[in-house]
Amino acid sequence: MVSMRIIREGNYDHRVKMGGHDELTILGDEFNELTDRLQKSENKRSRFVSDASHELKTPLASIKLLTDSILQNDMDMDTVREFVGDIGNEADRLNRTTAKLLALTRVDGQEKTESEIIYMAPTVERVIRMLSAIAAKNGITIESDLSQDSPVLILEDDLYQIAFNLVENGIKYNVPGGKLAVKLLRHEDNALLQVSDTGMGIPEEALNHIFERFFRVDKSRSRASGGSGLGLAIVRAIIHKNRGDIRVTSVPDQGTTFTVAFPAFDTEVDLT
Ligand code: ADP
């Protein structure tokens with residue numbers, strides 16, 4: 001009882017000590033396991049809050065620095081304009097980061113996953129249309145083959161988010177003149193979305209981390225392109241909510257392929 005009170009008060013590293021093999025000992029073990037889980041989730045939560053604060057602090061610090069220099073120095077109008085432009089860019093970054101943080105907490109907080117049966121091609125096509133101007137601006141050609149379309153059980157908005165993040169990354173981390181191939185495929189009972197780029201690739205030691213929140217391979221480059229390290233964390237969270245899976249293979253300096261798999265709905269028997 002004393003232990004329960006200690007833990008209820010937030011002291012999650014407390015453990016009960018029991019000897020013997022009776023039911024009370026089993027209860028004690030269960031209790032310790034529960035507190036272990038509580039402690040882990042509490043640690044994760046506080047790390048998330050501190051990472052998120054850090055992410056917001058950096059652009060805010062730049063904005064402060066830029067405004068101070070404008071106020072303290074006698075600048076010509078061109079330099080003032082340049083600095084104000086930088087302030088605008090930092091504000092844009094803050095906007096993008098907060099939007100992604102909200103998206104992430106929304107996926108995390110969702111109890112039951114809402115879904116609908118949709119064909120993937122129209123949504124993927126919409127994403128490609130949306131990003132084709134940015135691709136062209138960066139000299140990237142997008143090739144798509146969406147002929148092997150399948151119906152899947154997912155919210156259209158969620159599929160859009162997944163495809164958008166993957167295609168956007170394939171453009172952002174590509175090289176000028178590079179290519180991006182977007183394909184729908186079928187493998188047994190799975191509907192696949194495959195996004196392959198001819199970009200910079202991901203070093204092997206980073207492959208296990210790219211789906212973690214705030215992880216960036218090259219912090220300065222990703223920052224310059226407005227990256228927050230949250231896109232793939234959101235992608236994975238949405239995919240797992242929808243009974244899907246995501247895999248990545250990459251060869252540095254050659255390119256990266258992301259493959260998303262969902263159970264195809266036309267062969268689905270068990271919906272529970
Ligand atoms: P970001 O907002 O930084 O792009 P993501 O979560 O989308 O965040 O990606 C995490 C990191 O994984 C990126 O910073 C980048 O280093 C790496 N990455 C993601 N997609 C690719 C890709 N297609 N090619 C190379 N690196 C990638």
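Because the model is predicted, local features need pLDDT of at least 70 and side-chain atom pairs count only at pLDDT 80 or more, whereas totals for chains, interfaces and linings use all residues. Residues are numbered from 1 along each chain as its sequence is written, and side-chain values use heavy atoms, with hydrogens and water left out.

Rolling a probe the size of a water molecule over the atoms shows where empty space is left. The search here runs on a 1 Å grid over the protein atoms alone: a cavity is a set of points where a 1.4 Å probe fits but cannot get out, while a pocket is an open set with protein on both sides within 12 Å along at least five of seven lines. Grid points are joined across faces, edges and corners, and a volume is the space filled by probe spheres set on the points. The largest pocket holds about 480 Å³ of space. It is lined by 29 residues, of which Asn169, Tyr173, Ile210, Val217 and Leu232 are the closest to its centre; a lining residue has an atom within 4 Å of a point.

Which elements supply the lining of the largest pocket with at least two residues each? They are helix 5 (156-172), strand 5 (190-197), helix 7 (219-224), helix 8 (231-241) and strand 7 (255-263). Helices (H or I, at least four residues) and strands (E, at least two) are DSSP runs, numbered from the N terminus. Helix 5 gives the most, with 6 residues. By class, the lining is made of 12 nonpolar, 10 polar and 7 charged residues. In this scheme Ala, Val, Leu, Ile, Met, Phe, Trp, Tyr, Cys and Pro are nonpolar, Asp, Glu, Lys and Arg are charged, and the others, Gly among them, are polar.

The aromatic side chains come next. Rings of Phe, Tyr and Trp (its six-membered ring) pair if their centres lie within 6.5 Å; planes under 30 degrees apart are stacked, over 60 edge-to-face, and the rest tilted. The count by this rule is 3 aromatic pairs. One of them, Phe48 with Phe214, is tilted, at 6.0 Å centre to centre and 35° between the planes. This pair links distant parts of the chain, 166 residues apart: Phe48 belongs to helix 2 (residues 23-72), and Phe214 to the loop between helix 6 (204-207) and helix 7. Phe48 counts as buried because its relative accessibility is 18%, where buried means under 20% relative accessible area, exposed over 50% and partly exposed in between (1.4 Å probe, protein chains only). Phe214 is also buried, at 9%. The pair of Phe211 and Phe258 is edge-to-face, because the planes stand at 85° with the ring centres 6.3 Å apart. It too links distant parts of the chain, with Phe211 in the loop between helix 6 and helix 7 and Phe258 in strand 7, 47 residues apart. Phe211 is buried at 9% relative accessible area, and Phe258 is buried at 6%.

Phe214 has a further feature, a phi near 70°, which is a positive value in a residue other than glycine. Arg243, in the loop between helix 8 and strand 6, likewise has a positive phi, near 55°. Arg243 counts as partly exposed, with 41% relative accessibility.

Strand 6 (residues 245-251) has Ile246, Val248 and Ser250 on a covered face, and Asp245, Arg247, Thr249 and Val251 on an uncovered one. It runs antiparallel to strand 7, joined by 7 bridges; two strands pair if DSSP finds at least two bridges between them. Val251 has Gly255 in strand 7 as its bridge partner. The two strands form a hairpin with 3 residues between them, and Asp253 in the turn has a positive phi of about 70°.

Helix 3 (residues 77-109) contains Thr97, which is buried at 4% relative accessibility. Leaving out residues up to four places away in sequence, Thr97 touches Glu55, Leu56, Ser228 and Leu230, contact being heavy atoms within 4.5 Å. Asp86 also lies in helix 3, but is partly exposed at 31%.
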